[in-house]
Amino acid sequence: MRVIHTADWHIGRTIKGRDLRSYHEAFFSQLIDIVRSDSIDAVLVAGDIYDRAIPPLESVALLSEVLQELSSYAPVILTPGNHDSPIRLGFAAGMMHKNLHIFSKTEHVGQAIEIPNSQDEVGALVYPIPYLDPDMSRGALATWTDADGNQHLDEGVASPEASAEHASGLVLPRSHESVMAAALRRIGRDLIQRKPWVPVIAMAHAFITGGLASDSERNIQVGGADSIPGDLFSHLGFHDGYTGTPLDYVALGHLHRPQGITVKNGPQIRYSGSPLPFSYSEEKDVKGIQILDFTRVGDLRTEEINLDAGYRLATVTTTLEAIESGKHEDLKDAWTRVILTDAHRPPGTIGRIRTHLPNTLEVSFEDKAAVPTIKLSPVPHVQFSTLEMLTEFYKQITNTKPSAQELAILSDWDEKARQKEVSA
């Protein structure tokens with residue numbers, strides 16, 4: 001079995017006003033070529049398909065085209081992330097053909113999607129978990145239904161005296177860990193019934209403890225916590241005596257840097273990362289997709305396939321003089337963030353920068369001189385006039401004395417403040 005793991009497409013995203021549609025189209029073209037030519041058995045997309053809950057019409061049209069072509073070569077499984085609207089993404093999911101699965105409903109967690117192999121037998125089981133907002137999902141996951149249709153309370157519901165005839169309103173604790181644990185217990189119960197001897201994959205969109213974030217992810221903190229311990233994926237609530245297959249791989253979305261999460265005695269857990277860089281904190285990341293190669297149960301080889309994003313982000317800390325001297329000509333084609341260390345800010349700075357670095361998207365200033373630590377002595381403030389204190393503060397912050405013009409401005413402020421105080 002060969003499976004592609006990707007996530008965090010964020011269709012419709014822009015960077016500092018720059019439209020990324022053409023770069024998304026180039027990524028999808030590369031992805032479709034790989035699926036078509038490399039005997040891929042399934043494509044897993046772990047959330048944040050769109051960049052916003054109500055995507056632009058052109059983003060919807062692009063996704064429709066991509067899914068139509070991808071699913072003509074292999075089964076495609078999508079789950080919504082925290083940026084997506086589960087209802088909008090999952091619209092008409094029940095009417096889609098057998099190769100396209102949009103798994104958006106929390107109540108369906110614990111149901112496996114069977115991926116066929118080349119002999120048209122079950123070659124792998126995939127358990128999709130959509131993004132679980134604790135406030136929206138802790139009620140839906142508070143109960144589970146057995147094979148006979150009987151309803152039971154999840155072990156995480158904090159009401160030991162409550163019976164299976166639960167009153168509506170019983171919920172799990174309000175945390176990401178609580179709802180993910182309940183979701184994984186549902187998967188564990190299904191695996192106990194199946195006792196499969198094929199690879200088992202879970203998909204999730206979450207912040208797992210130990211993951212390295214970037215500046216482009218949206219905060220999902222609830223109740224002061226946003227992360228989930230990785231060891232939740234190790235046990236799944238299995239009962240003693242079960243000898244079936246636990247999870248072999250967890251395909252994660254949410255964090256935009258490709259990375260693995262190490263868990264003792266657990267499955268391989270990986271973030272595929274986003275296919276494009278969305279912030280300057282990702283400028284050194286290598287973007288792409290993950291390919292999973294299963295030769296048999298428990299024998300998994302993962303390969304990171306690097307893809308060309310089509311643009312690069314670069315940060316340069318420098319002076320205006322250095323830019324105009326041609327020192328940074330190697331960044332001419334990069335989408336740059338320029339941090340100037342000049343002591344003064346001459347007029348027309350951005351225009352002068354873009355003459356040499358035409359793709360500059362952001363300019364900020366940073367004083368190169370270290371700001372000294374301000375040590376306050378117990379001298380009574382009455383020994384200093386307000387103007388003297390303003391002047392001293394200016395010196396501490398800028399490491400220079402105010403010019404005659406700046407001193408006149410400070411003096412004017414001081415005079416106006418005293419007049420206001422007297423009139424009051």
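Val338 has a bridge partner in β21: Val363. The two strands involved, β20 (residues 335-340) and β21, pair in the parallel sense over 5 bridges. This is a predicted model.

**The three-stranded sheet**
- The strand order is β19-β20-β21, in an open sheet with parallel pairing.
- β19 (313-318) and β21 (360-365) are the edge strands, each with a single partner, so one side of each has no neighbour in the sheet.
- On average, neighbouring strands here are turned by 15 degrees against each other, direction ignored.
- Helix α8 (residues 349-356) lies across β20 and β21 and runs at about 130 degrees to β21.

**The nonpolar cores**
- In soluble globular proteins, nonpolar side chains tend to be buried together.
- The largest nonpolar core here has 39 residues. Ile129, Leu141, Met180, Leu184, Ile208 and Phe233 have the most contacts inside it.
- Several elements each supply at least two residues of this core, including β8 (122-128), β11 (200-205) and α6 (232-235).
- α5 gives the largest share of this core, with 8 residues.
- Beyond its neighbours within four places in sequence, Ile129 touches residues including Met180, Ala183, Leu184 and Ile187.
- A second, separate core has 29 residues, among them Ile4, Val35, Ile40 and Ile305.

**Helix α5**
- α5 has 19 residues and spans 27 Å from first C-alpha to last, close to the 27 Å expected at 1.5 Å a residue.
- Most of α5 is covered: 16 of its 19 residues are buried.

Definitions and conventions. Residues are numbered from 1 along each chain as its sequence is written. This is a predicted model: local features need pLDDT of at least 70, side-chain atom pairs count only at pLDDT 80 or more; totals for chains, interfaces and linings use all residues. Side-chain values use heavy atoms; hydrogens and water are left out. A nonpolar core is a set of buried Ala, Val, Leu, Ile, Met, Phe, Trp, Tyr and Cys residues joined through side-chain atoms within 4.5 Å. Buried means under 20% relative accessible area, exposed over 50%, partly exposed in between (1.4 Å probe, protein chains only). Helices (H or I, at least four residues) and strands (E, at least two) are DSSP runs, numbered from the N terminus. Contact means heavy atoms within 4.5 Å. The expected span of a helix is 1.5 Å times one less than its number of residues. Two strands pair if DSSP finds at least two bridges between them. Axes are lines fitted to C-alpha atoms, for helices over the stretch in contact, and angles run from 0 to 180 degrees between N-to-C directions.
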